[in-house]
Amino acid sequence: LPTTDFVKATMLSNIKIVLIQTFHPGNIGAAARAMKNMGLSQLVLVNPVDFPSEEATSRAGQATDLLENVQVVGSLEEAISDCSLVVATSARDRSIPLPALSAREAGVKLSGEAKKAQVALVFGRERMGLHNSDIQQCHMQVNIDANPVYPVLNISQAIQILCYEIYQASETDKAEYDEDEYPLHRELELFYQHLEETLAGSGFINESHPGQAMEHFRALYRKARPTKKELQLLRGSLAALQKS
């Protein structure tokens, strides 16, 4: 049987920290350092403004190996395509909200699911955070509790706090474990495309002016969080409707 240390190492290696369009390269280096402090190694950058950078290397300290192995991609969808759970970091309320987690709950949830699949924790731009289009690709949202008089954290502080919570959950064996297998992000996106095609074909939505219908359907399925088997059932029912 695998040892506890092996399971923990595998769990932590399955967790991606995803930074979208980071403006200051020093924040990339600080993120790498925070991650290495807490045993995380997968850093993914979506369209960074300035990378590689001497400032990023300087701020990384002894975590330059993470920068050498960083994955740079062109879209959030590419960064998370192989993930079964994606958690957004955002302090803003949304018109179609995601299921909300505290920092501690996020650590438990991410580390638990990482025992069997790739997962991601997504951070937005320093000045603007995550766009609604980014949020729509995530399953849940985490907000770090802070002094309401001044609750603003910079991105490197937020990364350090959440990486700490992930590490603590793995260290204390509080990580949740769910026997169900969940679809990857790319599999969910194919389902949403299939659903939209079926709804458009039935006349339920207008392809030229879909409005917020699909955003609400996405929110519905995020809350339900279908397993792989349930998603196959849903895809099968859509295929049958298209044939009828």
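This passage describes the overall build of a predicted protein model and then turns to some of its residues. Local features are given where pLDDT is at least 70 and side-chain atom pairs where pLDDT is 80 or more, while totals for chains, interfaces and linings use all residues. Residues are numbered from 1 along each chain as its sequence is written, and side-chain values use heavy atoms, with hydrogens and water left out.

We may start with the fold as a whole. The protein has 11 helices and 7 strands, taken as DSSP runs (H or I, at least four residues, for helices; E, at least two, for strands) and numbered from the N terminus. Along the principal axes, the C-alpha atoms fill a box of roughly 60 × 45 × 35 Å.

Of the 244 residues, 48% are buried (buried means under 20% relative accessible area, exposed over 50%, and partly exposed in between, with a 1.4 Å probe and protein chains only).

Asparagine 27 lies in helix α2 (residues 25-37) and counts as buried because its relative accessibility is 12%. Beyond its neighbours within four places in sequence, asparagine 27 touches Thr22, Glu126, Ile155 and Ser156. Glutamate 189 sits in helix α9 (residues 185-202) and is likewise buried, at 10% relative accessible area. With neighbours within four places again set aside, the contacts of glutamate 189 are Glu77 and Arg218.

The cysteines complete the picture. A disulfide is a covalent bond between the sulfur atoms of two cysteines; here the criterion is a pair of cysteine sulfur atoms within 2.5 Å. The search of the whole structure finds 0 disulfides. For cysteine 83, the closest cysteine sulfur belongs to cysteine 138 and is 10 Å away, so the distance is too far for a bond. Cysteine 163 is in no disulfide either, its nearest cysteine sulfur being that of cysteine 83, 15 Å away. Cysteine 83 is buried, with a relative accessible area of 0%, and cysteine 163 counts as buried at 0% relative accessibility.

Key. Contact means heavy atoms within 4.5 Å.
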